[in-house]
Amino acid sequence: MDLDTLRHANLKLLDDAVEDWSIIARNLNTLAEDAEKGLRQAANKANWAGENSRVTKEFIGKTAGEIRDAHTQAKSIHDVLKDTAGELKGYRTQLKDAIDRGLKKNLTVMDTGDGGFTVTMNVHPDRAAEGYTPPSHTQSDVNALRDEIQGILGKATESDNSASKVLKALADQTNYGFGEASYQDRDKAAEALKTADELAALVKKDPDKLSTAEFDRLNAGLKKYSADPLFAERFATTLGPRKTLDFWAGLTGQNGGWELRHDRGEQFDDLQKHLSLTLATATQSDSAAMTSWKGNMVALVDQPVGPGGGFPLGGQVMSNLMRWGDYDDRFLNSYGDKLMATEKKMTGNGQHGAWQRMGGDPMLNRTGTDSGWDPMTGYLKALANNPDAATSFFNDTFLTKDEDHDFTEKKDGKEVKKELTNFDYLFEERDWPADYDSEHEESIAGRNNLAMALEAATTGHPAGEQPTPDTPHHNAEQAKLMERLVSSIGEDPEERLLKHGHMIDSVGQITAEYLPDINRSISGADRNDPDSTSWERTQKMYPMYGEEAVLDPRDVTKLLFTVGQNPDGYAAVEVGQKAYMSQLMEHHLNPDLPAGQVVDDDTEGVVRQIAERSGEVSGILALGRQEELAAAGKEKDEAYKDSMDLVKSSISGGLGTAVGVGTSFVATPWVGALAGGATTTVTGTVLEAVFQDFKSTELEDSEDARGERWQQGLDNNGHRSGQAARLAAEEFGMVDPADAETWARESGEQGYYNAQAIVDGRTPGSRTTS
């Protein structure tokens with residue numbers, strides 16, 4: 001900034017901009033609050049159905065989020081402008097004061113017109129003609145004033161430039177919509193950009209020459225700024241894709257850098273996490289530089305990187321740097337396309353294995369769960385954090401019928417080539433490479449991450465989390481994947497799930513979130529008979545919002561029986577089913593239910609059907625549990641109790657949504673079972689009793705004791721069904737509570753009895769005893 005620009009600047013224009021942005025930010029804040037309270041919360045409580053359930057609720061949620069982001073960005077811009085205006089005013093005042101002090105010493109400051117300025121001494125013309133030379137101390141005054149003014153102009157220039165950089169960086173974050181970057185002052189944003197440049201310079205160094213002090217600075221810096229959008233974008237784009245991959249491949253290699261690995265090797269996992277989180281944040285930017293970064297990173301998936309040449313490939317390295325954080329959907333899908341194309345090439349279209357790590361290969365993953373040599377392991381973990389990308393990925397085609405492969409199916413009595421989706425290949429056909437964890441035990445990470453990615457893909461929320469009122473209802477692509485998952489498990493439960501028991505906790509959570517679909521499937525109604533009233537009745541009996549997954553009842557039985565053989569899976573579904581049953585009782589025993597949602601006039605029949613179907617689900621789960629305990633005994637039974645305790649602690653304060661039915665069975669305003677994410681007294685009371693029932697169950701390691709436990713489970717199931725019906729009847733007064741309790745208890749017990757015959761008919765060879 002030159003002298004006259006600062007001295008004569010009309011800062012009122014800047015003041016006007018500050019005031020305008022203040023008004024914009026204030027108005028957007030009001031709008032954001034209105035959108036949250038008036039739109040989003042109302043949408044979450046509304047009785048959505050049909051197309052609304054698929055589109056409108058999700059659209060309203062995204063729109064409310066965009067308005068909130070607009071306020072965030074407007075406030076950041078206002079704060080940056082306000083800081084800059086205040087500083088420039090201060091520097092202008094300092095400049096004028098310095099010039100005025102110079103004049104008192106006969107010193108004049110003039111702009112030279114080329115960005116510079118001069119400081120000269122005022123000498124009377126007569127004295128100048130006489131060859132007058134001013135005293136030497138006056139020259140020092142000249143120098144001092146020159147240096148002071150240069151310092152003021154330098155700080156003003158820095159203020160102006162940093163504001164420009166920050167504002168441009170904020171504007172460049174998104175091509176459409178608004179960014180989430182939030183800064184209370186310009187200096188913090190400018191410091192983030194400066195730190196990004198400095199840390200990127202460290203990563204560009206040869207990792208073998210990185211000192212422990214530099215490593216510590218890098219690790220701490222990424223930890224501090226990993227969620228900062230401006231920092232992340234600047235860091236990633238300054239570093240570039242190739243340098244990122246070369247750095248991690250070099251750092252984790254076995255050649256050179258011995259001192260760093262010796263002194264900081266135990267912190268490599270922290271650096272891996274912080275680098276992953278930073279890159280995830282960066283991919284959310286739509287800046288031109290970041291768009292190029294994403295495209296170039298995808299191009300490197302099948303290219304050798306690092307110091308060795310040949311291997312590892314870019315995809316092997318990058319997949320280990322995406323295990324944490326929410327990566328951009330489009331980037332994940334483009335990356336996945338290239339990764340699966342590489343998988344096809346490396347495996348001969350899936351006909352043999354690949355990615356087998358040899359002893360000298362780098363340990364690309366430093367978490368201890370696996371070596372990281374198989375790129376699918378890390379990529380699937382990234383999908384587990386990103387539901388939309390996961391759904392799209394699993395439904396994509398891996399092999400067509402026209403490609404060269406040996407995967408076949410029977411059609412019209414003939415063996416023909418079949419098409420495989422990514423789900424089909426990974427869940428059923430892939431030859432997973434042997435891998436080991438840090439304890440030299442066989443690694444379960446690959447298939448475990450597959451299960452978590454499927455959890456995200458089918459439920460619409462990240463794996464390990466619970467649905468919230470904002471979680472959209474199941475869409476057609478999610479339901480389609482659920483249908484394929486249940487069918488696949490039904491085809492071969494042992495090979496596809498039981499042999500990999502660590503996957504069942506995720507499958508159990510998935511199952512819990514599709515209980516309306518499951519209850520419809522086992523209702524016995526013929527959905528394909530156009531003249532049948534039973535299917536219309538079933539639809540009203542089990543109201544659903546979003547797309548239904550159409551499931552074969554035989555496959556559902558095998559799914560429930562298999563899930564019941566895992567403590568975590570059992571707990572998720574059993575608690576979910578009891579909550580769902582309670583909510584249905586409350587829904588259908590409400591006399592204010594709109595006529596179009598009333599099943600029929602046979603209230604007793606409705607209560608009995610709800611209880612009986614629920615009893616069948618719980619009974620099949622219990623038989624699965626018994627199957628496991630027949631082999632494992634009392635020790636395993638303690639694990640079941642522990643899993644129920646974990647479910648109880650995880651849903652404290654949010655029973656309704658946490659048990660998994662919140663995204664498809666949404667309470668209407670006159671019922672309120674899940675409105676706002678909370679549970680009703682009916683559901684909460686029943687679940688507290690379920691937890692107490694389970695806590696008091698004791699098992700001796702004997703056949704007689706297992707029979708006693710079956711009887712105890714039968715009794716408890718009947719009591720909980722009766723309790724739910726009685727509480728709902730007491731709440732609304734539609735029927736006599738004692739009658740409702742009797743109907744539900746008897747039918748709940750009958751459903752539990754039915755489970756034995758159902759399992760015997762659909763899962764032959766089990767060890768269950770009753």
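Start with helix α29, residues 681–695. It has 15 residues, and at 1.5 Å a residue they should span 21 Å; the C-alpha atoms at its ends are 21 Å apart, so the two values agree. Keep in mind that this is a predicted model.

Which residues of α29 are buried? They are Val682, Thr683, Gly684, Val686, Leu687, Ala689, Val690, Phe691, Asp693 and Phe694. As background, an α-helix has 3.6 residues a turn, so residues three or four places apart point the same way.

The axes of α9, residues 241–252, and α11, residues 268–283, come within 12 Å and cross at roughly 170 degrees. An angle over 145 counts as roughly antiparallel, and α9 and α11 are therefore roughly antiparallel to each other. On the α9 side the contact is made by Thr244, Phe247, Trp248 and Leu251, and on the α11 side by Phe268, Leu271, Gln272 and Leu279. Of these residues, six are nonpolar, two are polar and none is charged.

The last pair is α18, residues 445–459, and α19, residues 476–491. Their axes come within 7 Å, with a crossing angle of roughly 135 degrees. That makes α18 oblique to α19. Which residues of α18 and α19 meet? From α18 there are Leu454, Ala457, Thr458 and Thr459, and they meet Gln478, Leu481, Met482 and Leu485 of α19. The contact of α18 with α19 divides into five nonpolar residues, three polar and no charged.

That is where I will stop.

Notes: Residues numbered from 1 in each chain as written. Predicted model: local features only at pLDDT ≥ 70, side-chain atom pairs only at ≥ 80, totals over all residues. Heavy atoms only, no water. Axes fitted to C-alpha atoms, helices over the stretch in contact; angles between N-to-C directions. Helix = DSSP H or I, 4+ residues; strand = E, 2+ residues; numbered from the N terminus. Parallel < 35°, antiparallel > 145°, perpendicular 65-115°, else oblique. Contact = heavy atoms within 4.5 Å. Nonpolar A, V, L, I, M, F, W, Y, C, P; charged D, E, K, R; others polar. Expected span 1.5 Å × (residues − 1). Buried < 20%, exposed > 50% of the residue type's maximum accessible area, 1.4 Å probe, protein only.
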